[in-house]
Amino acid sequence: MSGVRAIVKKELRSYFYSPVAYVIIGLFLFAMGVIFAKFVDIYQRYNAMQRFGQAQGITLDKLAMYLYQNMAFILCFVTPFLTMKLFAEEKRQQTLELLFTAPLKGGELVIGKFLASYALMLIMVVISFVYVLFMILWGNPEMPIIGTTYLGLLLALSCYISLGALISAMTSSQAIAAIWTFIALLMLWLMQSIGQGITWSLGPLQLGPLLTYLSPPGHFNSFAEGLIQVKDVVYFVSFTAFMLFLTHRVVESNRWR
Amino acid sequence: MIEVRNLTKKYGDRVAVDHISFSVNRGEILGFLGQNGAGKTTTMKILTCFMSATEGSASVAGFDVFENPLEVKKRIGYLPETPPLYPEFLVSEYLAFIADLRNIPKRDQKKKIDAVVERCYLGDVRNRLIANLSKGYRQRVGIAQALIHDPEVLILDEPTVGLDPKQVTEARGLIKSLRSERTVIYSTHILSEVAATCDRIVIIDRGKIVAQEALNSMGSAGGTTRTEIVVQKMNENMVQVLKGLQGVKNVHSQANGQNRLIVESEAREDVMAEIARTVVNQNAGLIRMSPVQLALEDYYLNLIGGRSAQQ
């Protein structure tokens, strides 16, 4: 366990020693700020119209759901920049040898790296509570739904980071890791809509629903609607666990070649 | 302390290390000598549990490298070919991370870090960014990293490559100062370095061990000594007369300079005296008579060069 702590400490330190963390947090907040401003604008207009009895069906909760769906998607763009260096940089600097000749288990290394990225992501998630605060001040949001939404976000994040860690372990170039992680996450998201368009099936195996199931947005949306379903939790947790398992295998394989 | 038996490592079809066996005793400094690509680094990577072997076994401090890697790793300090550094850290932060990684309890960390900083002369750069350090300092930080947990065994892969002469001397001094308290394996392709620091050498060529012996036993192999004789004027039957002496095994007349002879004889004082008397009696005008130390360089080139001549 102390190995995990040493790795987390080192990773966080190195995040904040490079401009990457600040730039990424800044960009994330900027993008979220733009979307939130838009959200406030729409909300005000509908509020005004509602007063004259013209518009119906747009509630604060529905808008909040859109906001968080956007956030879950934007985090797809943020993740690659945080996970790209995890293993690729160690390989490039030839420091993997240091880590593997220290009394540290491969699993501890992978978990440590994962937790460090997760911790940085948590900072962003915590900052986004500002929007909740605004909603409480000027509206009347359903707090339990906000709660489940955040739970969904945290789960979705773990699956993004684990995928990013895996890809970082497969290359020694940060740029390549970032690009592939981005492509992989985008594909993962798009599988939702691609899956809905496919009616083709292979015997009992229906490709369309399978793709949709494997894609995160469907699972996230039920959290955003206020539902905690076992199948969604299982999806995120097993996805993360499987990716981390593969990461461990890939990292260890560096020593067998 | 270190036992290696029939260790073999293949990269695909290429055999990097071919059934090598050697052992290192406690407190010994072993020079691991060989050309680039001879298999030195591979052997070290296996000993430090970074790599697996294809065949054979190795143990460090009684623990098998493959069965019990965690115990082995705790006892080894390792400096890879490229010092494994994080350029964005200060030297002190880096060493603190290594101390964490090595499970050194918090309360001992400061003491241990201070000790290696002093030992590796890092006092001046303690609070500098590793990215801004010169090659020599980086190498020293690398050595400090390997020493921080007081390992019983130290494995250094070409620790003096890229250092300037002053730094090389300092690094050697540092390694020598570890003698007797630690067991050191130390790879290099610089011969004078081995002569200056090591107790014993293992010469490896193309994955095979071609020689291993204690350093001071070389040169007088098999009780034979070689004597160089320089005279003013060589006379023709000198070689014949010398060859006829008891105890003399061979006489070579050197190509460079007609007035030089190398006499191979038994390493006994009476034989030496007899040779001297004979040369003087020949009236050739003896200028110099001196024992030839078979230099490490010759020894090494004999072993390695023999092979390239055969090809």
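Modeller: In this predicted model, two strands pair if DSSP finds at least two bridges between them.

Biologist: What makes strand 3 and strand 9 of chain B a pair?

Modeller: Four bridges join strand 3 (residues 29-33) to strand 9 (residues 200-205) of chain B, and the cut-off is at least two, so they count as paired. The two strands run parallel. One of the residues bridged here is B:Gly31, whose partner in strand 9 of chain B is B:Ile201.

Biologist: How do you know that strand 9 also pairs with strand 10 of chain B?

Modeller: By the same rule of at least two bridges. Six bridges join strand 9 to strand 10 (residues 208-214) of chain B, therefore these strands pair too. Their directions are antiparallel, and B:Arg200 stands opposite B:Ala214 in strand 10. Strands 9 and 10 of chain B form a hairpin with two residues between them. In the turn, B:Arg206 has a positive phi of about 50°.

Biologist: Why are residues of chain B said to be in contact with chain A?

Modeller: Contact requires C-beta atoms, placed from the backbone, within 7 Å. On that test, 21 residues of chain B are in contact with 19 residues of chain A. Helix 2 (69-75), strand 6 (76-79) and helix 3 (91-101) of chain B each supply at least two residues of that side. The largest share, four residues, comes from helix 3 of chain B.

Biologist: How many residues on that side of chain B are nonpolar, polar and charged?

Modeller: Eleven are nonpolar, four polar and six charged.

Notes:
Residues are numbered from 1 along each chain as its sequence is written. Chains are lettered from A and ligands numbered from 1 in the order in which they are written. This is a predicted model: local features need pLDDT of at least 70, side-chain atom pairs count only at pLDDT 80 or more; totals for chains, interfaces and linings use all residues. Two residues are in contact if their C-beta atoms, placed from the backbone, lie within 7 Å. Ala, Val, Leu, Ile, Met, Phe, Trp, Tyr, Cys and Pro count as nonpolar, Asp, Glu, Lys and Arg as charged, and the others, Gly among them, as polar.
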